[in-house]
Amino acid sequence: MSEQTFLLPDLGEGLTEAQIVEWKVKVGDSVLVDQVIVEVETAKAVVELPVPFAGTVLALHGDPGATLCVGAPVVTVAAVEQASAGSGNVLIGYGTTAAVSRSRPGRRRAAVRPAVTPATATATATTVKVISPAVRKLARDNGVDLVELSATGPGGVIVRADVEEARAAVGNADGEQRVPITGLRKVIGAKLSVSRREIPDATTWVDVDATALLDARRRIAAATKQDVSLLALLARFAIAALREFPELNSSVDTARSEIVRYRHVNLGIAVQTQRGLLVPVIKGADTMDTVTLSAALAQTVQAARDGKLPPAQLSGGTFTLNNYGLFGVDGSTPIINHPEVAILGVGRIVDRPWVADGELAVRKVTQVCVSFDHRVCDGGTAAGFLRLFADLVENPVAALGRC
């Protein structure tokens, strides 16, 4: 039997820390390999953290609300056996081998910093119901008294929206309000700033008759007895267009001045959540049929909104689809999700006058656009991709037969 300390693994996507939400074990408990021991919250998602070895819990390195840096001790266990091969499940999407380490004296104090003072934590725990440490931090950073808030979350839980509403009412004598850029907002800002700084982007767009697309969706649902989303159909057509224009399914290796083209499409889907914009990735989307892709998209979007995405699903995309029509807008100029080189945007579908077969008619019309990196292609290539995508949308039955 040996003493083993499990360290917080690399979270990816530039994330360097996580806050403890809830411990699933206590000192003295016996744990098994891959047993979930704690729930932590990063700037992007709430994730469950399994332990990579079995034994008895000797120490928990931090209280709920405390912030752990990557590489900091999470739990120390009197292990009954070494996990030399690793279980493969530490933080969903990350292997365990690199995360197993013997404890190093003196590191615990420097790596763990309380997110709240003892007095504040005690008051919060006894007077209000706040589950998320991010919500507590937001309230603390903005001088919002949690005791005074009305909870609107399920079961009387105070959620981010409650704090933000109270924050909006807080200002100085001049009516000025200062909002710290923290958490997910900071991550989003940093990534999009890199995109704007490094990518010479341009955008092209076209209006599309989507009448047949809506009809095709109804036909597929009737034939398969399953609900197939419009998003899934749009994704299938985007993937088909990428086969003809692979320049847009790539990235730029600036260090070697090379364009890296990918064999498969790892499709990113822009999802607006209560915590901010996330882009989860459907790996190998080009290998899925329409029904499978629709189910994967539904599951992924719901997990993003629930804050339950594994970190591994928030990276590795090769192309992104952004359906901003959900917000009731016709068009946008989407920012490319760095290090990708293109993003496809789709607006709302509305009734509009349209010339069909030489006659004026009312049709279901949408506007689609593509923002692209001018380093990998010129406007002709981007326009070819967008025109092909539009043609597939306007002729979906034939399109599904070929893609």
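Student: Where in this predicted model is the place of Lys 225?
Tutor: In this predicted model, helix H7 covers residues 230-244.

Student: Is Lys 225 buried or exposed?
Tutor: The relative accessible area of Lys 225 is 74%. The cut-off for exposed is over 50%. Lys 225 therefore counts as exposed.

Student: What phi does Lys 225 have?
Tutor: Most residues other than glycine have a negative phi. Lys 225 is not a glycine, yet its phi is positive, at about 60 degrees.

Student: Which residues of H6 are buried, and why are they on the same side of H6?
Tutor: The buried residues in H6 are Leu 213, Leu 214, Ala 216 and Ile 220. They lie on the same side of H6 because they cover an arc of only 160 degrees around the axis.

Student: Which exposed residues does the face of H6 turned away from its buried side carry?
Tutor: H6 runs over residues 211-224. The face turned away from the buried side of H6 carries two exposed arginines, Arg 218 and Arg 219.

Student: Where is Asp 34, and what phi does it have?
Tutor: Asp 34 sits in the loop between strand S3 (30-31) and strand S4 (36-41). Its relative accessibility is 26%, so Asp 34 counts as partly exposed. Although Asp 34 is not a glycine, its phi is positive, at about 75 degrees.

Student: Is the peptide bond from His 338 to Pro 339 cis or trans?
Tutor: Pro 339 is in the loop between strand S18 (319-322) and strand S19 (342-346). Most peptide bonds are trans. The bond from His 338 to Pro 339 has omega near 10 degrees and is cis.

Terms used
Residues numbered from 1 in each chain as written. Predicted model: local features only at pLDDT ≥ 70, side-chain atom pairs only at ≥ 80, totals over all residues. Heavy atoms only, no water. Helix = DSSP H or I, 4+ residues; strand = E, 2+ residues; numbered from the N terminus. Expected span 1.5 Å × (residues − 1). Buried < 20%, exposed > 50% of the residue type's maximum accessible area, 1.4 Å probe, protein only. Arc of directions from axis to C-beta.
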